[in-house]
Amino acid sequence: MSRWQPNARERLAKAALELYGERGFEQTTVAEIAGRAGLTERTFFRHYADKREVLFAGARELEELFVRAVAGAPASAAPIDALASGLEAAAEAFAGRHAFARRRQAVITANAELQERELIKLASLAAALAAALRDRGVGEPAASLTAEAGVAVFKIGFERWIGADEEREMAQLLRESLAELRAVAAGG
């Protein structure tokens, strides 16, 4: 096993998802993941803190991307429109990752501990978005309400996107979910 092989992180993620799908998350060991990827456990731990992080490694980057887009929206944008900018940026981050996202979500759905971790990550995202909106001058409770609504739109759009028969782009589904939210809020 060469420690200098390229794409170690991606190979580890692929191996982990395959094994989680075959054996289940709890029954899969780091040694098995590393072995399937043709790497050592030491290499695994250079890339991931634990076997859960394979599933959540991109959460921080997604949060930062989402927050930067909200912060960078035009100053004249209403809070929900600034949030829409964040949703568009998030959708771009998922481009080309449809199959991975489906497999990842299947593993999370099958494990209560991972579902809890996913909720914690979404709560962190909502808090970061609320802070970004407050930095834009949005007061409370509007900042927190908008952020929580944005996370709900993201979650619903994402769930639709990974649906078995769904072929549309994530951005389109996020836009549709946001439009539904606006319609509900308008009493429609």
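Select Lys51 to begin: this residue is buried, with a relative accessible area of 17%. Buried means under 20% relative accessible area, exposed over 50% and partly exposed in between, with a 1.4 Å probe and protein chains only. The model is predicted, so local features need pLDDT of at least 70 and side-chain atom pairs count only at pLDDT 80 or more, while totals for chains, interfaces and linings use all residues. Residues are numbered from 1 along each chain as its sequence is written, and side-chain values use heavy atoms, with hydrogens and water left out.

**Around Lys51**

Lys51 sits in the loop between helix H3 (41-47) and helix H4 (53-56). Helices (H or I, at least four residues) and strands (E, at least two) are DSSP runs, numbered from the N terminus.

Next, show the residues that Lys51 touches: leaving out residues up to four places away in sequence, they are Tyr20, Phe25, Glu26, Thr28, Val30, Ile33 and Phe44. Contact means heavy atoms within 4.5 Å.

Which backbone oxygen does the side chain of Lys51 reach at 2.6 Å? The backbone oxygen is that of Thr28. A polar atom of the Lys51 side chain also lies 3.4 Å from the backbone oxygen of Glu26.

**The nonpolar cores**

Move on to Phe66, Leu87, Leu129, Phe154, Trp161 and Met170, which touch the most other members of the largest nonpolar core, a set of 33 residues. At least two residues of this core come from each of helix H5 (59-71), helix H6 (79-93), helix H8 (112-135), helix H9 (142-161) and helix H10 (170-185). A nonpolar core is a set of buried Ala, Val, Leu, Ile, Met, Phe, Trp, Tyr and Cys residues joined through side-chain atoms within 4.5 Å.

Another core, of 22 residues, lies apart from the largest one, and its members include Ile33, Phe44, Val54 and Phe56.

**A cis bond**

Go to Pro141, in the loop between H8 and H9. The peptide bond joining Glu140 and Pro141 is cis, with omega about 10°. Most peptide bonds are trans.

**The whole chain**

Finally, zoom out. The protein has 10 helices and zero strands. Its C-alpha atoms fill a box of roughly 55 × 35 × 25 Å along the principal axes. Of its 188 residues, 41% count as buried.

Definitions and conventions:
A polar contact is a pair of N or O atoms within 3.5 Å; within protein, one must be able to donate a hydrogen and the other to accept it, and residues adjacent in sequence count only if both atoms are side-chain atoms.
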